[in-house]
Amino acid sequence: MHRHSRIRALVAVSAASLALGGLAVLPAQATARAAAPTAARATSSDQAAVWLAAQLTDGVIHNDQYDDIGLTIDTGLAADAIGEAGAVSTIANGVAGQVAGYVGDGTTESYAGALGKAATFAEIAGRDPRAFGGVDLIGRLEARVTGSGAAAGRIVDQSQYGDYANVIGQAFAVQALSGASSASAASALAFLLKQQCDAGYFRLNFSAAGAAAQDCDGSAAADAKPSVDATATVLRVLLSLDTFDDAVNASIDAAIVWLEKQQYADGSFGSDDQIVTENANSTGLAGWALGLAQERKPARRAAEWLRAHQVANAGACVSYATADTGAIAYDDAALADLAGKKITAETQDQFRRATAQALPALQYARPRGDIVAPFTAEYVKAGTQQIIVVRNAAPGELVCLSTQDGSDAVARRANKIGGAKAGFKLPKTTGRTVILVSTVDGLADKVTIKALGETTFEVTAKRTVARGGLQSVVVTGLAPAETLGLSVGGRLVKSGQANAKGVYRTTYRVTGAPGRTRLLVTGAFSGRQGTATYTVTR
């Protein structure tokens, strides 16, 4: 069996349920999917889901101008992808009450893409798409599928405002029609496959309605531009189908190969030739599709880039409003701009869309290990900068390193191997500095740095010693277990370690010439010294 035929033959059951109001796992009728990720969801997925749930009012997202049913459905699809059946049901109730306005009146206005998207969501939610919110979504969608000619199978809007149907809408139409066992499903799928170029990508926009060439490769260059968003969406839909047709399998393989080539070194994706810069929306869609296709490494890299763009506070590193925790920023600039502010009515739409499209991909990120910040030095020199290295964090997650007294705090995002580090300048005096290592879940580890400042030891020695005799020395004022050396005339004569009370006792044989002799005691670091003088006799 073809590789991706096997993938689509698997049953994906989400084993974990997020806390969107105590909701249950995916219902049986919504579980036949591509393979689910094997790794447990990280905390970032939980927080993103909770933040998205907070954007709903009566099951719908309102953008302070109107109820955004398209974005609400995106949120419902994300909830379904992570196994949140209760959230899906709540959203389905909200969408059903307003679906008539979203898809058009069916007479003068009928929007094919919206019909496909709404019908797909109705099916996923376990509702009847032929009577969803009082609308026969399948019947209306079938009426929007071109019946014959070069454009057979193509969806077309009926609207006084023009035809805005595109490949993403076509993909949703294929999923909805296939799920409803519609007679139009085969032609819609065949037309969808024509929108894939030989390079492997799917374009976003169709050819002109009357054009002789309705396929991607036969169209003008302007109509055949690659789209990450369209390719990822179509790939996800093809993976959801029950058909194991060779053409579908070949299309899936080609789309995967092309999509993986578009991934940037940091794991992110751009959208198309107009938006080539990395962004959360395209990265989320691509990561989700690649995860479903069991392309685990690229899916993981995308997820961890997304996690690095999540609004988060940890320990003393508080840069964002608590209510915004979990939201995904569109890009680097959006995350940086939010610091010290709140998500506003002007910026909320971008965060909502980014989070809805990123959430399904987040589940492919590697989970956190047992975070440690090993620091093995018994003592360090006061006044120096010490680097604290954190290990086993979740790649992309926020790690806060802060002093226990609150004098300094440094926020870091864990790198691709779960590492993070920060430097701290120690006081110039002897003392202990405690560094707290925190994540969004609280304190993860604690490091105690013992610093030794400059000091003068008290050195007691016999005042007179015959040459060849034994000199007895007592050094006090050392730190417990501090290392030290005793030198005479620049030559080390003894080395050792203080006891638990900071005292060192020793003897050594005197070999120098008769006369006045100076004993120098040097501790673990420069500036920690003591001296004694004695006379060597014949």
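Colleague: In which kind of crossing does helix 13 pass helix 15, left-handed or right-handed?
Modeller: Keep in mind that this is a predicted model. The two helices to look for are helix 13, residues 296-307, and helix 15, residues 348-362. Where helix 13 passes helix 15, the crossing is left-handed.

Colleague: How does the angle describe helix 13 relative to helix 15?
Modeller: Their axes lie 9 Å apart, and the helices pack at an angle of about 130°. Angles over 145 degrees would count as roughly antiparallel, and 65 to 115 as roughly perpendicular. The angle therefore makes helix 13, relative to helix 15, oblique.

Colleague: How many residues of the contact of helix 13 with helix 15 are charged?
Modeller: From helix 13 come A303, L306 and R307, which meet A358, A361 and L362 of helix 15. Of the residues in this contact, five are nonpolar and none is polar.

Colleague: Now for the open space. Which helix gives the most to the lining of the largest pocket?
Modeller: The largest pocket has a volume of about 840 Å³, and 32 residues line it. Several elements give two or more residues to that lining, including helix 8 (167-179), helix 12 (280-292) and helix 15. The most, five residues, come from helix 3.

Colleague: And which residues lie nearest the centre of the largest pocket?
Modeller: The lining of this pocket divides into 14 nonpolar, ten polar and eight charged residues. Nearest the centre lie D74, K117, I168, R353 and Q357.

Terms used
Residues are numbered from 1 along each chain as its sequence is written. This is a predicted model: local features need pLDDT of at least 70, side-chain atom pairs count only at pLDDT 80 or more; totals for chains, interfaces and linings use all residues. Side-chain values use heavy atoms; hydrogens and water are left out. Axes are lines fitted to C-alpha atoms, for helices over the stretch in contact, and angles run from 0 to 180 degrees between N-to-C directions. Helices (H or I, at least four residues) and strands (E, at least two) are DSSP runs, numbered from the N terminus. Angles under 35 degrees count as roughly parallel, over 145 as roughly antiparallel, 65 to 115 as roughly perpendicular and the rest as oblique. A crossing is left-handed if the near helix is turned anticlockwise from the far one by less than a right angle, and right-handed if clockwise. Contact means heavy atoms within 4.5 Å. Ala, Val, Leu, Ile, Met, Phe, Trp, Tyr, Cys and Pro count as nonpolar, Asp, Glu, Lys and Arg as charged, and the others, Gly among them, as polar. On a 1 Å grid over the protein atoms alone, a cavity is a set of points where a 1.4 Å probe fits but cannot get out, and a pocket is an open set with protein on both sides within 12 Å along at least five of seven lines; lining residues have an atom within 4 Å of a point. Grid points are joined across faces, edges and corners, and a volume is the space filled by probe spheres set on the points.
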